[in-house]
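Biologist: Could you take me through this structure, beginning with the strands and ending with the aromatic side chains?

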Amino acid sequence: MKFLFLIPLLLPLAAQAGPACAEHAANFGSSNHSGPISLSDAQRKNLGLQTTQATILDLTPSVEVPAILVVPPEKHGSISAPFAGRVIEVLVKLGQQVVAGEAVVRVAPLAVGSPAQTLASPVSGHVIRQSAMPGLAFTPETTLVEVGDDTQLLAQGLIFQSPELNKIKIGAPASLFLDVFPTSEFPGVLQRLDTGHAADDPGFHIYAAIPNPDHRLRPNFRGTLRIALADPQPAIAIPRRAILGSLGKLFVFVENDEGAFEKREIVTGIRSGNLVEVLEGVLPDEKVVTVGNYQLQYLGAASAAGGDEHGHSH
């Protein structure tokens, strides 16, 4: 779809190049042209170009990992019976708030003559899982009800062996981002780390404590966990979305004083959330393209294909 969108923008460039060079305009993706690209107001509008200034900010080196919310083990209670039997009555509902010691299910042991018994929750919290139902036969291994205190949850992140792993420290600031709350950031603190990993699993689990006083967050919500690796430090920062290219050859488009766009190769440093440090290639206050930059690289290639008509024989 992106290439179809570019066709109306490329036709005027192909026409200027002449019929003999139309094949070069069609093959715009293969050009290495890096000169300034001048656009008409109509082309800028069609591309929806947006820019932002490179700014000196305090960036915090960080790492981002996939995460899932879980109830802390010490705040999680599984209710089962020490004997085989049958459920008589379920006294709670899924999601219900209970307190430690509150009865949650009545059961009848299988042993002849044994009286009915009531099982209680060992912790305060919400009923997060309920497998018990009247008439259900169970054994001592059967978990009938689970209760969890969700006033503070753990964001369980997964990180693989990498240099960043050695920089992660208990007590580091953390932030959780969830698709279900796309505009919210949930702060926390790194609380615990795996001491090792299984021989067949190269991943390490890290756990950040996330306060949840209003119960907005639920166990098993998934998102991204960001962990700070060091103290903030000043850096020339640009949005991550401004950067194009592949690892080792990254570039951005910078708007110059004449309103044209220059392709600049850059060297990056700290990554902090949606911001990236630029070590080389962009100066403070220069404007980098953040929207429309992907299409802009192909317009530049098309211009080069049209502009080489005097240097090629056809």
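Modeller: The conversation below covers strand pairing, the nonpolar cores, some loop residues and the aromatic rings.

Modeller: This is a predicted model, in which local features need pLDDT of at least 70 and side-chain atom pairs count only at pLDDT 80 or more, while totals for chains, interfaces and linings use all residues. Residues are numbered from 1 along each chain as its sequence is written, and side-chain values use heavy atoms, with hydrogens and water left out.

Biologist: Which strands pair with β13?

Modeller: Strand β13 (residues 173-178) pairs in the antiparallel sense with β14 (residues 181-193) over 5 bridges, and also in the antiparallel sense with β16 (residues 222-228) over 5 bridges. Strands here are DSSP runs of E of at least two residues, helices are runs of H or I of at least four, and both are numbered from the N terminus. Two strands pair if DSSP finds at least two bridges between them.

Biologist: What stands opposite Ala174 in β16, and what is its bridge partner in β14?

Modeller: Ile227 is opposite Ala174 in β16, and Gly188 is the bridge partner of Ala174 in β14. A hairpin through 2 residues joins β13 to β14.

Biologist: What is the strand order in the open sheet of 4 strands?

Modeller: The order is β8-β7-β5-β10, with antiparallel pairing. β8 (117-120) and β10 (137-138) are at the edges with a single partner strand each, so one side of each has no neighbour in the sheet. Strand β7 (residues 103-109) pairs with β8 over 4 bridges, and Arg106 is opposite Thr118 of β8.

Biologist: Moving on, which residues have the most contacts inside the largest nonpolar core?

Modeller: That core has 25 residues, and those with the most contacts inside it include Ile159, Ile168, Leu176 and Leu217. A nonpolar core is a set of buried Ala, Val, Leu, Ile, Met, Phe, Trp, Tyr and Cys residues joined through side-chain atoms within 4.5 Å. Buried means under 20% relative accessible area, exposed over 50% and partly exposed in between, with a 1.4 Å probe and protein chains only. Another core, of 17 residues, lies apart from the largest one and has Ile79 and Val98 among its members.

Biologist: What does Leu217 touch?

Modeller: Leaving aside neighbours within four places in sequence, Leu217 is in contact (heavy atoms within 4.5 Å) with residues including Leu69, Leu153, Leu178 and Phe181. Phe181 also has Arg216 over its face, at 4.3 Å from the ring centre. A charge sits over a ring if NZ of Lys or CZ of Arg is within 6 Å of the ring centre and within 35 degrees of the ring normal.

Biologist: Where is His215, and what is its phi?

Modeller: His215 is in the loop between β15 and β16, and its phi is positive, near 60°. Most residues other than glycine have a negative phi. His215 is partly exposed, at 30% relative accessible area. Asp285 also has a positive phi, of about 75°, and counts as exposed at 54% relative accessibility.

Biologist: Finally, how many aromatic pairs are there?

Modeller: The count is 4, for rings of Phe, Tyr and Trp (its six-membered ring) with centres within 6.5 Å; planes under 30 degrees apart count as stacked, over 60 as edge-to-face and the rest as tilted. Tyr294 and Tyr298 form an edge-to-face pair, 5.4 Å centre to centre with 70° between the planes. Both lie in helix α4 (residues 293-307), 4 residues apart.
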